[in-house]
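Hi everyone, thanks for making time for this. Let me put the structure up, and then we'll walk through it together.

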Amino acid sequence: MHIQAITLFPEMFTALTDSGVTGRALQQGIWQFAAINPRQFADNPQGYIDDRPFGGGPGMIMMAPPLQAAIDAARQSSPQGRLIYMSPQGKPLNHMQAASLAREPALIVLCGRYEGIDERILTSNEVTEISIGDFVVSGGELPAMMLMDAVIRLLPGTLGDARSAVEDSFANGLLDCPHYTRPVEFRQQTVPDVLRSGNHALIAQWRLTQALRRTLTRRPDLLADRRLTPEESRLLQYIRQEERDIPL
Ligand code: SAM
(Lines give C-alpha, C1' and ligand atoms only; values in the text may rest on other atoms or scores of the structure.)
Protein backbone atom coordinates (compact mmCIF):
# COMPACT_ATOMS: atom_id res chain seq x y z
CA MET A 1 0.00 0.00 0.00
CA HIS A 2 1.25 3.42 -0.93
CA ILE A 3 0.56 6.10 1.70
CA GLN A 4 1.26 9.78 1.24
CA ALA A 5 0.84 12.33 4.02
CA ILE A 6 0.30 15.99 3.24
CA THR A 7 1.85 17.64 6.25
CA LEU A 8 3.75 20.65 7.52
CA PHE A 9 5.68 18.31 9.82
CA PRO A 10 7.02 15.38 7.77
CA GLU A 11 9.59 14.56 10.45
CA MET A 12 6.84 13.50 12.86
CA PHE A 13 6.17 10.44 10.72
CA THR A 14 9.52 8.89 11.63
CA ALA A 15 7.63 7.60 14.70
CA LEU A 16 5.92 5.22 12.27
CA THR A 17 8.53 4.73 9.59
CA ASP A 18 11.52 4.10 11.88
CA SER A 19 10.21 1.89 14.65
CA GLY A 20 8.19 -1.12 15.65
CA VAL A 21 5.80 -3.15 13.57
CA THR A 22 5.14 -0.35 11.08
CA GLY A 23 8.87 0.34 10.60
CA ARG A 24 9.56 -3.33 9.90
CA ALA A 25 6.64 -3.53 7.48
CA LEU A 26 8.01 -0.51 5.63
CA GLN A 27 11.42 -2.19 5.31
CA GLN A 28 9.71 -5.31 4.00
CA GLY A 29 7.94 -3.28 1.32
CA ILE A 30 4.45 -3.99 2.67
CA TRP A 31 3.77 -0.28 2.52
CA GLN A 32 5.54 2.71 1.02
CA PHE A 33 5.56 6.22 2.40
CA ALA A 34 6.07 9.73 1.10
CA ALA A 35 5.43 13.05 2.79
CA ILE A 36 4.47 16.13 0.82
CA ASN A 37 4.92 19.48 2.52
CA PRO A 38 2.44 22.09 1.24
CA ARG A 39 5.03 24.76 2.01
CA GLN A 40 6.85 23.78 -1.16
CA PHE A 41 3.82 25.10 -3.07
CA ALA A 42 3.64 28.43 -1.22
CA ASP A 43 3.39 31.47 -3.50
CA ASN A 44 5.70 33.56 -1.30
CA PRO A 45 9.41 33.31 -0.47
CA GLN A 46 8.71 32.96 3.27
CA GLY A 47 6.73 29.77 2.67
CA TYR A 48 3.52 30.97 4.33
CA ILE A 49 0.63 28.63 3.63
CA ASP A 50 -1.86 30.06 6.16
CA ASP A 51 -3.83 33.27 6.41
CA ARG A 52 -6.39 34.98 8.64
CA PRO A 53 -9.99 33.77 8.50
CA PHE A 54 -12.54 35.78 6.54
CA GLY A 55 -15.07 37.17 9.01
CA GLY A 56 -12.45 37.53 11.71
CA GLY A 57 -11.78 35.35 14.71
CA PRO A 58 -8.78 33.70 16.31
CA GLY A 59 -6.14 31.61 14.61
CA MET A 60 -5.11 30.99 11.05
CA ILE A 61 -6.50 28.84 8.25
CA MET A 62 -4.47 26.70 5.84
CA MET A 63 -4.94 28.23 2.38
CA ALA A 64 -6.56 26.27 -0.44
CA PRO A 65 -4.03 26.80 -3.32
CA PRO A 66 -0.93 25.21 -1.70
CA LEU A 67 -3.06 22.39 -0.26
CA GLN A 68 -4.63 21.72 -3.65
CA ALA A 69 -1.19 21.73 -5.28
CA ALA A 70 -0.03 19.18 -2.69
CA ILE A 71 -3.10 16.99 -3.34
CA ASP A 72 -2.51 17.21 -7.10
CA ALA A 73 1.15 16.24 -6.60
CA ALA A 74 0.09 13.24 -4.49
CA ARG A 75 -2.45 12.25 -7.16
CA GLN A 76 0.32 12.06 -9.74
CA SER A 77 1.86 9.08 -7.95
CA SER A 78 -1.46 7.66 -6.67
CA PRO A 79 -4.24 8.59 -9.10
CA GLN A 80 -6.60 6.09 -7.41
CA GLY A 81 -5.54 6.96 -3.85
CA ARG A 82 -8.34 7.61 -1.38
CA LEU A 83 -8.06 11.17 -0.06
CA ILE A 84 -8.60 11.39 3.70
CA TYR A 85 -8.75 14.53 5.80
CA MET A 86 -8.05 13.97 9.50
CA SER A 87 -10.69 16.06 11.21
CA PRO A 88 -12.52 16.12 14.56
CA GLN A 89 -15.65 16.64 12.46
CA GLY A 90 -15.22 13.35 10.59
CA LYS A 91 -16.70 9.94 11.26
CA PRO A 92 -14.95 8.39 14.28
CA LEU A 93 -12.35 5.81 13.27
CA ASN A 94 -13.14 2.19 14.11
CA HIS A 95 -11.90 -1.28 13.23
CA MET A 96 -14.36 -1.76 10.36
CA GLN A 97 -13.20 1.42 8.69
CA ALA A 98 -9.51 0.56 9.22
CA ALA A 99 -10.15 -2.86 7.65
CA SER A 100 -11.91 -1.27 4.71
CA LEU A 101 -9.05 1.22 4.18
CA ALA A 102 -6.55 -1.66 4.36
CA ARG A 103 -8.10 -2.94 1.11
CA GLU A 104 -7.34 0.32 -0.73
CA PRO A 105 -4.26 0.37 -2.98
CA ALA A 106 -3.25 3.85 -1.83
CA LEU A 107 -4.13 6.55 0.70
CA ILE A 108 -3.46 10.28 0.67
CA VAL A 109 -3.80 11.62 4.22
CA LEU A 110 -4.22 15.35 4.68
CA CYS A 111 -3.16 16.73 8.06
CA GLY A 112 -4.62 20.03 9.15
CA ARG A 113 -2.98 22.58 11.48
CA TYR A 114 -4.01 25.89 13.06
CA GLU A 115 -7.81 26.35 12.96
CA GLY A 116 -8.07 23.91 10.07
CA ILE A 117 -8.18 24.13 6.29
CA ASP A 118 -10.09 26.26 3.79
CA GLU A 119 -13.48 24.59 3.34
CA ARG A 120 -13.20 24.68 -0.46
CA ILE A 121 -10.63 21.86 -0.33
CA LEU A 122 -13.37 19.67 1.11
CA THR A 123 -16.08 20.81 -1.29
CA SER A 124 -14.00 20.57 -4.46
CA ASN A 125 -12.33 17.18 -3.85
CA GLU A 126 -13.74 13.79 -3.01
CA VAL A 127 -12.65 13.57 0.62
CA THR A 128 -13.33 11.13 3.47
CA GLU A 129 -13.16 12.95 6.81
CA ILE A 130 -12.01 10.77 9.70
CA SER A 131 -11.82 11.64 13.39
CA ILE A 132 -9.89 9.86 16.12
CA GLY A 133 -12.39 10.89 18.79
CA ASP A 134 -14.47 13.64 20.26
CA PHE A 135 -11.60 15.86 21.29
CA VAL A 136 -9.28 18.25 19.48
CA VAL A 137 -5.53 17.91 19.09
CA SER A 138 -3.21 20.53 17.63
CA GLY A 139 -2.66 18.94 14.26
CA GLY A 140 -3.62 16.09 11.97
CA GLU A 141 -0.25 14.32 12.16
CA LEU A 142 -0.89 12.25 15.30
CA PRO A 143 -4.40 11.34 14.12
CA ALA A 144 -2.95 10.40 10.71
CA MET A 145 -0.34 8.19 12.35
CA MET A 146 -2.98 6.46 14.43
CA LEU A 147 -5.03 5.80 11.33
CA MET A 148 -2.00 4.58 9.39
CA ASP A 149 -0.87 2.26 12.20
CA ALA A 150 -4.37 0.80 12.50
CA VAL A 151 -4.44 0.17 8.75
CA ILE A 152 -0.86 -1.07 8.31
CA ARG A 153 -1.14 -3.72 11.05
CA LEU A 154 -4.03 -5.22 9.05
CA LEU A 155 -2.01 -5.51 5.82
CA PRO A 156 -1.05 -9.11 5.04
CA GLY A 157 2.45 -9.88 6.35
CA THR A 158 2.75 -6.95 8.79
CA LEU A 159 2.16 -8.95 11.96
CA GLY A 160 4.41 -11.93 12.61
CA ASP A 161 1.36 -14.05 13.43
CA ALA A 162 -1.70 -13.07 11.39
CA ARG A 163 -3.93 -14.41 14.18
CA SER A 164 -2.92 -11.44 16.36
CA ALA A 165 -4.97 -8.95 14.37
CA VAL A 166 -7.93 -11.33 14.20
CA GLU A 167 -7.92 -11.84 17.97
CA ASP A 168 -7.47 -8.17 18.88
CA SER A 169 -10.31 -6.16 20.38
CA PHE A 170 -13.01 -5.14 17.86
CA ALA A 171 -11.78 -7.46 15.08
CA ASN A 172 -14.63 -9.89 15.76
CA GLY A 173 -16.86 -7.35 17.44
CA LEU A 174 -15.72 -8.19 20.99
CA LEU A 175 -13.09 -6.86 23.37
CA ASP A 176 -10.01 -9.05 23.72
CA CYS A 177 -9.68 -11.49 26.65
CA PRO A 178 -7.11 -10.92 29.45
CA HIS A 179 -3.56 -12.15 28.81
CA TYR A 180 -0.88 -13.53 31.12
CA THR A 181 2.75 -14.53 30.81
CA ARG A 182 5.48 -15.65 33.22
CA PRO A 183 5.85 -15.60 36.18
CA VAL A 184 2.92 -17.76 37.28
CA GLU A 185 2.71 -15.86 40.60
CA PHE A 186 2.74 -12.08 40.81
CA ARG A 187 1.61 -10.11 43.89
CA GLN A 188 -0.35 -13.07 45.27
CA GLN A 189 -2.18 -13.49 41.98
CA THR A 190 -1.87 -16.74 40.06
CA VAL A 191 -2.36 -17.26 36.33
CA PRO A 192 -5.71 -19.04 35.81
CA ASP A 193 -5.17 -22.83 35.88
CA VAL A 194 -7.01 -23.38 32.62
CA LEU A 195 -4.37 -21.43 30.67
CA ARG A 196 -1.72 -23.88 31.90
CA SER A 197 -3.86 -26.98 31.37
CA GLY A 198 -2.80 -27.64 27.78
CA ASN A 199 -6.46 -28.30 26.92
CA HIS A 200 -6.92 -26.10 23.84
CA ALA A 201 -10.70 -26.49 23.66
CA LEU A 202 -11.08 -25.41 27.29
CA ILE A 203 -8.65 -22.53 26.80
CA ALA A 204 -10.59 -21.31 23.76
CA GLN A 205 -13.84 -21.48 25.72
CA TRP A 206 -12.32 -19.62 28.68
CA ARG A 207 -11.00 -16.90 26.38
CA LEU A 208 -14.33 -16.49 24.63
CA THR A 209 -16.14 -16.31 27.98
CA GLN A 210 -13.73 -13.66 29.22
CA ALA A 211 -14.04 -11.66 26.00
CA LEU A 212 -17.84 -11.77 26.27
CA ARG A 213 -17.75 -10.82 29.95
CA ARG A 214 -15.48 -7.85 29.30
CA THR A 215 -17.55 -6.68 26.38
CA LEU A 216 -20.76 -6.99 28.39
CA THR A 217 -19.40 -5.03 31.33
CA ARG A 218 -17.28 -2.45 29.49
CA ARG A 219 -18.82 -2.03 26.05
CA PRO A 220 -22.35 -3.50 25.93
CA ASP A 221 -23.01 -1.36 22.84
CA LEU A 222 -20.73 -3.71 20.87
CA LEU A 223 -22.93 -6.70 21.70
CA ALA A 224 -26.02 -4.91 20.46
CA ASP A 225 -24.41 -4.61 17.01
CA ARG A 226 -23.25 -8.22 16.80
CA ARG A 227 -24.92 -11.41 15.66
CA LEU A 228 -23.97 -14.00 18.30
CA THR A 229 -23.18 -17.62 17.53
CA PRO A 230 -25.24 -20.20 19.47
CA GLU A 231 -22.22 -20.85 21.72
CA GLU A 232 -21.76 -17.14 22.40
CA SER A 233 -25.47 -16.78 23.27
CA ARG A 234 -25.23 -19.70 25.67
CA LEU A 235 -22.09 -18.32 27.33
CA LEU A 236 -23.59 -14.85 27.54
CA GLN A 237 -26.68 -16.17 29.25
CA TYR A 238 -24.44 -17.91 31.78
CA ILE A 239 -22.41 -14.72 32.33
CA ARG A 240 -25.56 -12.65 32.78
CA GLN A 241 -26.84 -15.09 35.37
CA GLU A 242 -23.55 -14.72 37.20
CA GLU A 243 -23.62 -10.95 37.03
CA ARG A 244 -27.29 -10.34 37.63
CA ASP A 245 -26.80 -6.65 38.28
CA ILE A 246 -25.88 -5.98 34.66
CA PRO A 247 -29.00 -4.89 32.75
CA LEU A 248 -29.86 -7.06 29.74
N1 SAM B 1 -11.10 24.21 14.38
C2 SAM B 1 -11.14 22.78 14.15
C3 SAM B 1 -12.45 22.20 14.65
O4 SAM B 1 -12.89 22.62 15.72
O5 SAM B 1 -13.02 21.32 14.00
C6 SAM B 1 -9.98 22.06 14.85
C7 SAM B 1 -8.63 22.40 14.31
S8 SAM B 1 -7.35 21.46 15.06
C9 SAM B 1 -6.68 22.56 16.21
C10 SAM B 1 -6.12 21.39 13.81
C11 SAM B 1 -6.12 20.09 13.00
O12 SAM B 1 -5.89 18.99 13.84
C13 SAM B 1 -7.39 19.78 12.26
O14 SAM B 1 -7.46 20.47 11.04
C15 SAM B 1 -7.27 18.28 12.07
O16 SAM B 1 -6.52 17.96 10.91
C17 SAM B 1 -6.51 17.84 13.30
N18 SAM B 1 -7.35 17.24 14.36
C19 SAM B 1 -7.63 17.78 15.56
N20 SAM B 1 -8.40 16.98 16.29
C21 SAM B 1 -8.64 15.88 15.54
C22 SAM B 1 -9.38 14.70 15.75
N23 SAM B 1 -10.06 14.47 16.85
N24 SAM B 1 -9.39 13.77 14.77
C25 SAM B 1 -8.71 13.98 13.62
N26 SAM B 1 -8.00 15.09 13.36
C27 SAM B 1 -7.96 16.04 14.31
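Let's start at one spot in the sheet: tyrosine 85 stands opposite glutamate 129 in S7. Strand S5, residues 82–92, and S7 pair in the parallel sense over 5 bridges; two strands count as paired if DSSP finds at least two bridges between them. Strands here are DSSP runs of E with at least two residues, helices are runs of H or I with at least four, and both are numbered from the N terminus.

Before going on, the ground rules. This is a predicted model, where local features need pLDDT of at least 70, side-chain atom pairs count only at pLDDT 80 or more, and totals for chains, interfaces and linings use all residues. Residues are numbered from 1 along each chain as its sequence is written, and side-chain values use heavy atoms, with hydrogens and water left out.

How confident is the predictor? The protein chain averages a pLDDT of 96, and 98% of the residues score at least 70; pLDDT is the predictor's confidence in each residue, from 0 to 100. Confidence is lowest in helix H7 (residues 163–167), at a mean of 85, and highest in strand S6 (residues 106–111), at 99.

Back to the sheet, then. It is open, with 5 strands in the order S2-S1-S6-S5-S7 and parallel pairing. S2 and strand S7 (128–131) stand at the edges with a single partner strand each, so one side of each has no neighbour in the sheet.

Now the aromatics. Which residues form the stacked pair? They are phenylalanine 13 and phenylalanine 33, at 5.4 Å centre to centre with 25° between the planes. Rings of Phe, Tyr and Trp (its six-membered ring) pair if their centres lie within 6.5 Å, and planes under 30 degrees apart count as stacked, over 60 as edge-to-face and the rest as tilted. Phenylalanine 13 lies in the loop between strand S1 (2–6) and helix H1 (14–17), and phenylalanine 33 in strand S2 (residues 32–36), so the pair ties together parts that are 20 residues apart in sequence.

Phenylalanine 13 is buried at 1% relative accessibility, whereas phenylalanine 33, at 23%, is partly exposed. Buried means under 20% relative accessible area, exposed over 50%, and partly exposed in between, with a 1.4 Å probe and protein chains only. Phe13, Trp31 and Phe33 form one aromatic cluster.

Finally, the domains: the assignment, automatic or from a database, gives domain 1 (2–152) and domain 2 (185–242). Their C-alpha centres lie 39 Å apart.
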